[in-house]
Amino acid sequence: MESIGRAQALAWRMRQQLLDPIGDEPLERVVHRLGAVLSMDETLANLAIGVRRTSPQPGDLGAALEQGRLLQVFAFRGAMHLVSPKSGGALLSVRSASRQWELPSWREHYGLEPSDWTGFREAVRDALTDGPLTITELGTAVTRDRRFRHLRTVFDEGADTLIKPLSWQGDLSLGSLRDGKRTVQGLGDQADWAGVWDLEQAGPYVLAEYFRHYGPATVEQVETYFCEGLSAGRARVRRWLADLKDRLTAVDLAGQTRYALSEDIDDLATSRPSTAIRLLPGHDQWLMGPGTKDELVVPAPLRTLMTRKANAVIIGGVVGGTWSIHGEQVVVRTVASVPAHDFADEAARLSAVLGRSLAVEASRIEV
């Protein structure tokens, strides 16, 4: 079994995630590499993508969504995420695998049997043919059909949970706000939308992409990412892992067995450690991909801060502190074991993404 050093593995992963060196790829390619980007907070989503690009602009994310180069959907843990139109359908296929809308609790609450969903989904797609609608407007259109009239109150109250499986199955994506209300839109006119993939093609594909951008990874990390995050089911994920066995190579990383795509092993083994400093937003995929329990990335004393969405200072791929914006300053706080660093370049990167000039104030944090 090949032995891979911690610093080597992190440097390789930083390159895969466009963190060292910073990339010049368009937003949709950045998101494709990360799989999905949490977007409940648009500012954090903008930062997650912008810090990985050489020339970010404040309006880039809004333009990409408007042009259909990115889609906003419900994905991991039922939260809003950005995905690539070309590959996002693979993640949605895996998210749909558990068919949660067929559970007895769903059937009882919404009065929809599994056989009702074909007509319900068709009614939703028809309602969105002429453009985006608010959830209330969508409910008004859909409940004109007597089969779904009983759902009017659900839509009037927001229908957040009912909308999610429609997103998972590719019937709609989340649009912009209109007068403070979220809109949804059909996907029929999205030129790059590849649709929701066949599940047995999607599963091995998304697992391979995970190893390509988050490896070397343990089996436990893969199961957590796809089972707890996407509810794919452990038996299903283990079957997909078995399908990939001829493409994976086991490596020893700090005494732990992890796996990487065989085609990446030579590149991993020759990677030079990174000293790059990056200021990442809370719940960035750098942390969410391997999970905050992974001490390769998150030292144990800093784990609680990371799980609480603290913005992360990473040095050579390892979390070394936190940062926050106060007025016109980026306040960077690092642990005592981390040598003093100059954060001016990273503050300038944040300034470019946010469209405001930010100075740096550095201090120490005790954990």
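This is a predicted model: local features need pLDDT of at least 70, side-chain atom pairs count only at pLDDT 80 or more; totals for chains, interfaces and linings use all residues.
Local features need pLDDT of at least 70 and side-chain atom pairs count only at pLDDT 80 or more, while totals for chains, interfaces and linings use all residues. Residues are numbered from 1 along each chain as its sequence is written, and side-chain values use heavy atoms, with hydrogens and water left out.

Helices α7 (residues 117–127) and α8 (residues 135–142) pack with their axes 9 Å apart, at an angle of about 120 degrees. Helices here are DSSP runs of H or I with at least four residues, and strands are E runs of at least two, numbered from the N terminus. Axes are lines fitted to C-alpha atoms over the stretch in contact, and angles run from 0 to 180 degrees between N-to-C directions. The pair is therefore oblique, the class left once angles under 35 degrees (roughly parallel), over 145 (roughly antiparallel) and 65 to 115 (roughly perpendicular) are set aside. On the α7 side, F120, A123, V124 and A127 make the contact (heavy atoms within 4.5 Å), and they meet L138, A141 and V142 of α8.

Most residues other than glycine have a negative phi, and most peptide bonds are trans. The bond from D20 to P21 is cis, with omega near 0 degrees; P21 is found in the loop between α1 (6–16) and α2 (27–34). Another cis bond joins G215 and P216, with omega about -10 degrees.

H283, not a glycine, has a positive phi of about 60 degrees. H283 is buried, at 16% relative accessible area, where buried means under 20%, exposed over 50% and partly exposed in between (1.4 Å probe, protein chains only). K309 has a positive phi of about 75 degrees and is partly exposed at 48%.
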